[in-house]
Amino acid sequence: TPAMNSGELVKLGLKGITARVLECKKCPLHENATNKVIIRGSERPKVLFIGEAPGKNEDESGIPFCGRAGKVLDELIDYMALEENEYAIINTVKCRPPNNRKPTHSELKTCRPFLLAQIELLDPEVIILLGNTAEQAFCVSPLKWGEAVNMQEGKYLVKLYHPAALLYRRSLMEQQKEMIDLNKKLWQKI
Ligand code: URA
């Protein structure tokens, strides 16, 4: 059976983690997954975005945030002035939940070793939690929206709105941009 403790997964490296995710049947979500959705972007990112779960487009392609919410996230990444090699995007769970429902507490817990091992190996300076589910998966609640938390020397955590929330309430985009402006020193050279 696959190693499922995040320390063991870290030793396997990012490729090893991908192999373990692909064979994972530890929770029911794998049953309906067309593709597991593992990572998009740099393997040495300055900024790591953590979303919720794959949607329909992601399930079909295997690529995180490649649909409508992904277009909004790409807009935010542009606004943050991040270069292609400066960021990566992952999700709390790697398989699409039925009808895009939120992952259950149990599913989050089962998939968490993959998430924690990815974070440790990617070793970003800034982790951006996209919405409450990412916050829940990372076990850091309650964070305040947009308020950076210093975890250790040079390591920060920020919770921002999930891009899908911005799709439905476009007015939140102004707030999101203000939160980005307040935090941009964390990833930009001044
Ligand atoms: N929403 C997410 O949280 N993640 C994706 O990959 C796509 C949409």
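**Entry 1: the sheet.** I began with strand β4, residues 126-130, which runs parallel to β6 and is joined to β6 by five bridges. I keep in mind that this is a predicted model. I looked up one of the pairs: Leu129 has Lys159 of β6 as its bridge partner.

Next I turned to the other pairing of β6. Strand β6 covers residues 155-160, and strand β5 covers residues 149-152. I find these two antiparallel, with three bridges between them. Here Asn150 has its bridge partner in β6, at Tyr156.

I then wrote down the whole sheet. In what order do the six strands run? I read β1-β3-β2-β4-β6-β5. The sheet is open, and its pairing is mixed. Why is one side of β1 and of β5 left without a neighbour in the sheet? Both stand at the edges, β1 being residues 40-41, and each has a single partner strand, so one side has nothing next to it in the sheet. As a reminder to myself, sheet strands pair through backbone hydrogen bonds, in either the parallel or the antiparallel sense.

**Entry 2: the ligand.** Which residues surround the ligand? My list has Gly51, Glu52, Ala53 and Glu58, then Pro64, Phe65, Asn91 and His162.

I checked polar distances next. A ligand nitrogen atom is 3.0 Å from a polar backbone atom of Ala53. A ligand oxygen atom is 3.0 Å from a polar backbone atom of Phe65. For His162 the side chain is involved: one of its N or O atoms is 2.8 Å from an oxygen atom of the ligand. How much of the ligand does the protein bury? Taken alone, the ligand exposes 240 Å², and I note 92% of that as buried by the protein.

**Entry 3: the largest pocket.** I get a volume of about 600 Å³ for the largest pocket. The lining holds 24 residues, and closest to the pocket centre are Ala53, Ala69, Asn100, His162 and Ala164. Ala53 and His162 were also on my list around the ligand.

Which elements give two or more residues to this lining? I find α2 (56-61), α3 (68-79), α5 (132-137) and α6 (163-168). By class, I note nine nonpolar, nine polar and six charged residues in the pocket lining.

**Entry 4: the cavity.** The volume of the largest cavity is about 110 Å³.

I looked up the cavity lining too. It has 14 residues, and those nearest the centre are Cys24, Cys27, Cys95, Cys111 and Phe114. Helix α4, residues 105-122, gives the largest share, four residues. By class, this lining has eight nonpolar, two polar and four charged residues.

Technical notes:
Residues are numbered from 1 along each chain as its sequence is written. This is a predicted model: local features need pLDDT of at least 70, side-chain atom pairs count only at pLDDT 80 or more; totals for chains, interfaces and linings use all residues. Side-chain values use heavy atoms; hydrogens and water are left out. Two strands pair if DSSP finds at least two bridges between them. On a 1 Å grid over the protein atoms alone, a cavity is a set of points where a 1.4 Å probe fits but cannot get out, and a pocket is an open set with protein on both sides within 12 Å along at least five of seven lines; lining residues have an atom within 4 Å of a point. Grid points are joined across faces, edges and corners, and a volume is the space filled by probe spheres set on the points. Ala, Val, Leu, Ile, Met, Phe, Trp, Tyr, Cys and Pro count as nonpolar, Asp, Glu, Lys and Arg as charged, and the others, Gly among them, as polar. A residue is near a molecule or strand if one of its heavy atoms lies within 4 Å of it. A polar contact is a pair of N or O atoms within 3.5 Å; within protein, one must be able to donate a hydrogen and the other to accept it, and residues adjacent in sequence count only if both atoms are side-chain atoms. Accessible areas come from the Shrake-Rupley method with a 1.4 Å probe; for residues, only the protein chains shown count as cover.
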